[in-house]
Amino acid sequence: MEIRLNTRVRALIIQDGICGGVELEDGTALRCDAVILATGGFSYPSTGSTGDGHAMAEASGHAVQKALPALVPIETAESWPGMLSGLSLKNVRLSAYVSGAKKEKKIYSEMGEMLFTHTGISGPLALTLSSLLPEDLSGVRLAIDLKPALDEQTLDARLLRDFKEMSRRQLITVMDGLEPHSLAEQVVRLAGLSPAMPVNGVTAGQRAKLLETIKAVPLTPKKLRGFDEAIITRGGVSVKQVNPSTMESKLVPGLYFAGELLDVDAATGGFNLQIAFSTGALAGRSAAETE
Ligand SMILES: Cc1cc2nc3c(=O)[nH]c(=O)nc-3n(C[C@H](O)[C@H](O)[C@H](O)COP(=O)(O)OP(=O)(O)OC[C@H]3O[C@@H](n4cnc5c(N)ncnc54)[C@H](O)[C@@H]3O)c2cc1C
């Protein structure tokens, strides 16, 4: 039989509870002893991964966890990051807190690189955080520590020294020594101060507020960007229904799963490709042994 490789699969063929082939979009039925469903997630749909496998797995009785974009830029309620779009930060700490019934819980705090975008934040720290955020972002706040290597006391001593040396200059001149100009200006404004104010006019309380802002620039996540910008998809076929020794479904013999379609996801660093390679190799070997 001629197999048209550019024809997509639209359904699994399951008879008497056993998977015995696939049906193509043009209606052709392809019979076989085993089927490996490895259709990926919903991310970057232009690559052909449009979540078809999620629907097929669900139709065959499998529990499929809700698909969500992950490793994806985060939109913020604040619009000021858009003015800094393209500015990348190195050696900063990004933290995320979720408000709870009794107290706030820190769910993420890592040092590394990040980037401002026209709608919020991206870069390694923000992408990793996106995979860990709850679906409901209403109780979540973020904080960027721009000087994580300096504790508050050391940073205050540095500010005091600079203030003394540049007492007649504008506040922005001192801040330019700490951060790139556009960010320095933003930090000063977030602290409720004016970049043009004279350094010798800054009160101790205002300096404390400036320090607090440098150590925790506040941001509010509004939503995650969509699947077309998401490196991976969270959710998918529940691994509880897949035999980890073979990748065969525990519900439908002859049906195997591999890759991002599974409810397994990881941080950046090649781990998601590794998941796809490892589960794919195991599913392939196991399926070849199916009689
Ligand atoms: C821009 C980008 C960068 C990435 N960078 C990294 C990285 O650096 N490190 C890392 O670990 N991971 C990275 N990833 C994630 C990684 O590529 C995926 O996790 C991995 O490719 C998943 O493999 P997969 O085979 O499960 O799915 P996919 O690679 O999505 O492949 C699924 C295939 O199934 C096909 N398909 C879907 N539905 C049907 C259907 N109905 N009929 C027939 N065919 C169908 C699709 O066309 C596609 O070819 C990146 C992803 C993107 C988008």
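Student: How do the residues of the shell around the ligand divide into nonpolar, polar and charged?
Tutor: This is a predicted model. The shell around the ligand has three charged residues, nine nonpolar and 10 polar.

Student: Which residues come nearest to the ligand?
Tutor: There are 22 residues around the ligand. Those that come nearest are Gly-40, Gly-48, Gly-259, Asn-272 and Ala-276.

Student: Which element gives the largest share of the shell around the ligand?
Tutor: Two or more residues of the shell come from helix H1 (52–59) and from helix H8 (271–288). The largest share is four residues, and the element that gives it is H8.

Student: How many residues lie between E7 and E8 in their hairpin?
Tutor: Strand E7 (residues 88–98) and strand E8 (residues 105–116) pair in the antiparallel sense over nine bridges. In this pairing Ser-88 stands opposite Leu-115 in E8. The number of residues between the two strands of the hairpin is six.

Student: Which residue in E10 stands opposite Val-98?
Tutor: E7 is joined to strand E10 (residues 140–145) by six bridges, and the two run antiparallel. The residue in E10 opposite Val-98 is Val-140.

Student: Which residue in E9 stands opposite Phe-116?
Tutor: E8 and strand E9 (residues 120–122) run antiparallel and are joined by two bridges. Opposite Phe-116, the residue in E9 is Ile-121.

Student: Why are H4 and H7 described as they are, and what is the word for their orientation?
Tutor: Helix H4 (residues 152–165) and helix H7 (residues 204–215) pack with their axes 10 Å apart, at an angle of about 125 degrees. Angles of 65 to 115 degrees count as roughly perpendicular and those over 145 as roughly antiparallel. H4 and H7 are therefore oblique.

Student: How do the residues of the contact of H4 with H7 divide?
Tutor: From H4, Glu-152, Leu-155, Asp-156 and Leu-159 meet Arg-207, Leu-211, Ile-214 and Lys-215 in H7. The division is four nonpolar, no polar and four charged.

Conventions:
Residues are numbered from 1 along each chain as its sequence is written. This is a predicted model: local features need pLDDT of at least 70, side-chain atom pairs count only at pLDDT 80 or more; totals for chains, interfaces and linings use all residues. Axes are lines fitted to C-alpha atoms, for helices over the stretch in contact, and angles run from 0 to 180 degrees between N-to-C directions. Angles under 35 degrees count as roughly parallel, over 145 as roughly antiparallel, 65 to 115 as roughly perpendicular and the rest as oblique. Two residues are in contact if their C-beta atoms, placed from the backbone, lie within 7 Å. Ala, Val, Leu, Ile, Met, Phe, Trp, Tyr, Cys and Pro count as nonpolar, Asp, Glu, Lys and Arg as charged, and the others, Gly among them, as polar. A residue is near a molecule or strand if its C-beta atom, placed from the backbone, lies within 6 Å of it. Two strands pair if DSSP finds at least two bridges between them.
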